[in-house]
Every structure is written in structure tokens, then in C-alpha cells.
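Could you have the model open while going through these notes?

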Amino acid sequence: MNKPNHYVARKPDEQGFIEYPAGEHETWRILYERQIGAVEIRACPEFIRGLEILGLSADEIPQLNDITEKLRESTGWSAARVPALISFDRFFELLANRQFPVATFIRSREELDYLEEPDIFHEVFGHCPLLTNPDFAQFTETYGQLGLKASKEERVYLARLYWMTVEFGLVMTNKGLRIYGGGILSSFRETMYAMQSSDPERLSFDLMTALRTPYRIDILQPVYFIIQSLSELHSLTEIDLMAKVHEAMKLGLLESKFAPKSA
């Protein structure tokens, strides 16, 4: 995966501190304040607890060393600095070793609502809070271990599982339907669409269906899968997931629920 030309990841000094310009801290503040208002009553409780554990706030872009310190205390994970998009090999290797990749750049004001490559707001705000949860953390580590050993074709099916869970998953709680997917939690539009629109389908999570469901990265999602608790993710680590991947490969993809991307 090539790094986009218009974003350059910022490098730390010898102490690991990254200096961000005031304008980039302001972009973080805008994103944080808008998103925290959207997710406070829509995110799962484990995510809200994770925000508190990590000490995230609107004040400034957090330092990865600080995120790592809190993650290690919780689940043994850490935040790994990467230069924007990385190869699948590197991605799986990091996850397999309980390291979550974080690109150290933040989107421009012109792309507040959507950018194709993950930035520090998406990774830190959207994903890192739930890595303080043991069930979510274990699933993510196991996913990385499987992906590291998988073939190119197997990885395509594994990517669908990640997309339908870690990125765009919903969970049923004792207070009703809530969000746990980082792709939703870091997007104002997707948060409102996933929880309030009548357009998308919301289906009870079924592993085989999730593995076979096509998706596009550049649209609001037409279907979301609902797990009953984060422990359901942990239960996926206790079965032969690759056997299920092979079964899905034999069955092939389901019909897509979106129009093909125009050239």
C-alpha cells in the first residue's frame, strides 16, 4: 500500500514526543468534540470506559507513548507508529504482537467527514479505547495471528470479518443497540446513519454470512452485523476460524447490496 502524497506522518524526537502544529491540534479538537457528542449515548459501555482509561480529551492530539502506557496496563497492547497505509504483512504482524498501527498524521479540514486512509483520529479515537477490553483485545490479536499465516485469497475473506466486526460492528447491550466498530465510532456521518437511518440492514451476527458479504470502503455501509456482547468476539477465537474461512471460500460471495464503484 502506498502512502498518500498529501499526508505525511510526523516523526517523534529522541524521547518519542511528536510535535504537532497548533492547527492540527485544532482539527483534533473539532473532530473530538463533534464525535464525543455523537457517541456518548450510542457507543457501547466498554468504549466509553476505554476513553476514560486512555485519558483522551479534546485538548490535544495524544502522544502514542501515553496511549501505549495505558494499553499495556490494561491488556498488554501498545500503539505502533506507522507511516499512513502499510502492507498487509506488516498489519497482521503488528496485531499478532499486540501492537496497533497508528499513522501519526491527522486529516485536513477539507476531509473532516471522510478520508480513505486511516489517520490518528480514526485509529486512536475509533479503535484504541476498545483495546482496553480483554475480549476485544484477544480477538484482535488472534485475527492478526491468523492473517499472518493466511494466503492472499484467505486474507480477502478475513478482511470481510474485520470489516464487519472491528470496523463496522454493532452490539446489543442492556441499554439497547450500541456501536463498537471503530469505522463508525470515528465518523459522525456513519454514527448517525448506523443508528438512526432506516436505510441499512441490521442483522444478527452470523460468521459465515459476515465472511461472504461484499463491502465497499467509500460508502455508508448497507449492512451492519449485531453481536450480543463483546464476549461473542472472544468465542470466535476458540473455534477453527480458518476452517470457516475455507468453507466460505467454497460457498463464494453473497449478492452485493450496493452498486459497483464507477470508474
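Predicted model: local features only at pLDDT ≥ 70, side-chain atom pairs only at ≥ 80, totals over all residues.

The points below cover the pockets and one lysine.

1. Start with the largest pocket, which has a volume of about 1,200 Å³. It is lined by 43 residues, and those closest to its centre are E116, P118, W163, E167 and I217. Two or more lining residues come from each of α4 (88–96), β2 (99–103), α5 (120–127), α7 (152–167) and α9 (188–196).

2. Which element gives the most to that lining? Helix α7 does, with 8 residues. Sorted by class, the lining of the largest pocket has 24 nonpolar, 12 charged and 7 polar residues.

3. Next, the second largest pocket, with a volume of about 200 Å³. Here 17 residues make up the lining, and E60, I61, P62, Q63 and D66 are the closest to the centre. Helix α3 (residues 64–74) gives the most to this lining, with 3 residues. The classes here are 8 nonpolar, 5 charged and 4 polar.

4. Now have a look at K261, in the segment after α12 (241–251). Is K261 buried or exposed? Its relative accessibility is 54%, and the cut-off for exposed is over 50%, so K261 counts as exposed.

5. As for I219, 42 residues separate it from K261 in sequence, while their C-alpha atoms are 9.6 Å apart in space.

Technical notes. Residues numbered from 1 in each chain as written. Heavy atoms only, no water. Helix = DSSP H or I, 4+ residues; strand = E, 2+ residues; numbered from the N terminus. Buried < 20%, exposed > 50% of the residue type's maximum accessible area, 1.4 Å probe, protein only. 1 Å grid on protein atoms, 1.4 Å probe; cavity = no way out; pocket = protein on both sides within 12 Å on 5 of 7 lines; lining within 4 Å. Points joined across faces, edges and corners; volume = space filled by probe spheres on them. Nonpolar A, V, L, I, M, F, W, Y, C, P; charged D, E, K, R; others polar.
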